[in-house]
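Q: I have a structure open and would like to talk it through. Could we begin with how its helices pack?

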Amino acid sequence: MSRPLFRAVAILLVATGGCTKRESPAQPAPSARGAGPSTSAALRQAALKTVEPGTQRPAVCLSGEDAAVPRVLVQEGRKALSAGESERALACAEEAARISPRLVSALTLRADALGALDRVDDARLAFSRALAVDPSDPEALLGTAELHVRRLGPARDALEAGLEYAIRGARAPAARRDRMLGAQLELVAGMAENDLGRSHLALPHLDRAVAVLRDDADAAYERGVALYELSRFAEAEKAFERTLALAPGDAWALHQLGLVVERRGDAKRAESLFARARAASPQDFPPEVAVDAEAFGREVRAAVEELPDAEDLLAVEPPLSPSILGLFRGPSDAEPCTAEDGPRCRAIVFYRKNLVRFAKDRKELERQVRVTLLHELGHLHGEDDDQLRARGLE
């Protein structure tokens with residue numbers, strides 16, 4: 001299970017410098033009697049003086065002669081982004097890019113700043129511009145990989161794209177020389193593989209990331225997720241304990257650690273961890289549904305119907321086959337429920353007669369019930385039939 005990482009911005013800033021929001025207003029052309037190196041600063045100061053009363057003043061990066069040096073502007077923008085001054089960071093990036101339009105560090109800073117300002121579509125285009133100038137720049141690759149995996153996921157196409165950006169960046173010579181940058185790229189690749197359900201492929205990336213990012217809670221957490229999904233529970237427990245040592249109170253680490261200790265029979269500690277996770281992030285971990293074993297059995301039996309209802313078959317165009325083995329009703333878990341979805345917003349249904357007629361024997365029936373369940377769960381998570389077919393869940 002992956003989670004929205006509260007340290008995501010901090011990680012991005014370490015690796016790429018820093019960024020912030022808001023575009024600077026267009027500046028007037030310099031007069032014929034320009035004032036030498038400080039002309040641009042003078043123009044910005046004049047612009048500030050003419051701002052209408054009651055309006056917000058535009059962000060300014062630097063006011064001295066250094067404002068004409070793109071490298072200095074980028075450095076200042078990184079500092080601003082690290083300090084949470086997103087508007088000013090974006091002003092620095094745009095000023096540097098105006099002076100030097102093909103300076104990748106300025107273009108990457110601008111993209112990072114737009115992302116920090118939650119202007120995700122603008123950030124995506126800005127990263128595309130940076131990579132158009134230099135397709136192998138590892139900092140631009142890290143930034144766009146982060147954007148696709150952390151912000152545009154869980155869409156599968158976004159995760160796959162982010163993974164490719166991260167792998168390309170990790171293979172770049174500059175990333176191999178800069179072990180910290182390379183480890184950040186390996187971390188994002190591991191996150192993408194975890195979210196794609198391929199933890200066996202995530203673990204090598206995460207092992208390499210943790211070897212360098214020893215004090216990074218995100219790296220420890222993602223490695224714990226991979227180990228948990230691979231049923232390596234003792235190692236996963238150590239990874240989540242390490243996460244909490246680095247980031248006490250991390251709700252997702254508390255919940256995942258609860259899942260691990262629950263498996264080894266420590267129900268009391270597990271419930272304590274689950275309660276702490278709910279308290280830390282109630283929107284992510286609401287109270288469990290109160291249902292005993294008998295009531296749960298009734299719910300499962302209710303999910304089994306004899307044959308598909310005609311209303312379900314005709315709900316789409318063209319209609320579904322009457323021989324379908326199962327059905328997912330409702331929107332994916334990434335979409336909100338509506339009144340039209342009824343009191344049971346989402347449900348998975350098995351069709352008993354179709355299943356027993358499809359299977360050749362009990363073993364085949366057991367296998368097909370499992371495949372059908374995984375198929376419908378895939379629809380719950382937003383996958384289409386082509387994606388499920390590619391995973392062998394047709």
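Q: What is the handedness of the crossing where α11 passes α12?
A: In this predicted model, α11 passes α12 in a left-handed crossing.

Q: At what angle do the axes of α11 and α12 cross, then?
A: The axes of α11 (residues 199-212) and α12 (residues 217-229) cross at roughly 150° and come within 9 Å. Angles over 145 degrees count as roughly antiparallel, and α11 and α12 are therefore roughly antiparallel to each other.

Q: Which residues in α11 and α12 meet?
A: From α11, the residues are S199, L203, L206, D207 and V210. They meet A219, A220, E222, R223, A226, L227 and E229 in α12. The residues of this contact of α11 with α12 divide into seven nonpolar, four charged and one polar.

Q: Let me pick V210. What does it touch?
A: Leaving aside residues up to four places away in sequence, V210 touches A219, A220 and R223. The C-alpha atoms of V210 and A220 are separated by 6.6 Å, and these two residues are ten residues apart along the chain.

Q: How accessible is V210?
A: V210, which lies in helix α11, has a relative accessible area of 25%. Buried means under 20% and exposed means over 50%, so V210 is partly exposed.

Q: Moving on to α5 and α6: how do their axes cross?
A: The axes of α5 and α6 cross at roughly 165° and come within 8 Å. The two helices are therefore roughly antiparallel to each other, and their crossing is left-handed.

Q: Which residues make up the contact of α5 with α6?
A: In α5 they are V104, L107, T108, R110, A111, D112, L114 and G115. Their partners in α6 are D122, A123, A126, F127, R129, A130 and V133. By class, the contact of α5 with α6 has nine nonpolar, two polar and four charged residues.

Q: And what about α4 and α5?
A: Those helices pack at an angle of about 155°, with their axes 8 Å apart. That makes α4 roughly antiparallel to α5, and the crossing of α4 and α5 is left-handed.

Q: Which residues meet there?
A: S86, A89, L90, A93, E94, A96 and A97 in α4 meet A106, L107, L109, R110, A113, L114 and A116 in α5. The contact of α4 with α5 has eleven nonpolar, one polar and two charged residues.

Q: Where is E85?
A: E85 is in the loop between α3 (70-82) and α4 (86-99). Its relative accessible area is 38%, which makes E85 partly exposed. The C-alpha atoms of E85 and A116 are separated by 9.7 Å, although the two are 31 residues apart along the chain.

Q: Which residues join in cis peptide bonds here?
A: P154 lies in the loop between α7 (138-152) and α8 (156-171). A cis peptide bond also joins E317 and P318, with omega about 0°. P318 is in the loop between α17 (310-313) and β2 (326-329).

Q: Which residues other than glycine have a positive phi?
A: D118 is one of them, with phi near 65°, and S231 also has a positive phi, of about 65°.

Q: Where do D118 and S231 lie?
A: D118 is in the loop between α5 (104-116) and α6 (120-133), while S231 is in the loop between α12 and α13 (233-246). D118 is exposed, with a relative accessible area of 54%. S231 counts as partly exposed, at 48% relative accessibility.

Technical notes:
Residues numbered from 1 in each chain as written. Predicted model: local features only at pLDDT ≥ 70, side-chain atom pairs only at ≥ 80, totals over all residues. Heavy atoms only, no water. Axes fitted to C-alpha atoms, helices over the stretch in contact; angles between N-to-C directions. Helix = DSSP H or I, 4+ residues; strand = E, 2+ residues; numbered from the N terminus. Parallel < 35°, antiparallel > 145°, perpendicular 65-115°, else oblique. Left-handed = near helix turned anticlockwise from the far one by under 90°. Contact = heavy atoms within 4.5 Å. Nonpolar A, V, L, I, M, F, W, Y, C, P; charged D, E, K, R; others polar. Buried < 20%, exposed > 50% of the residue type's maximum accessible area, 1.4 Å probe, protein only.
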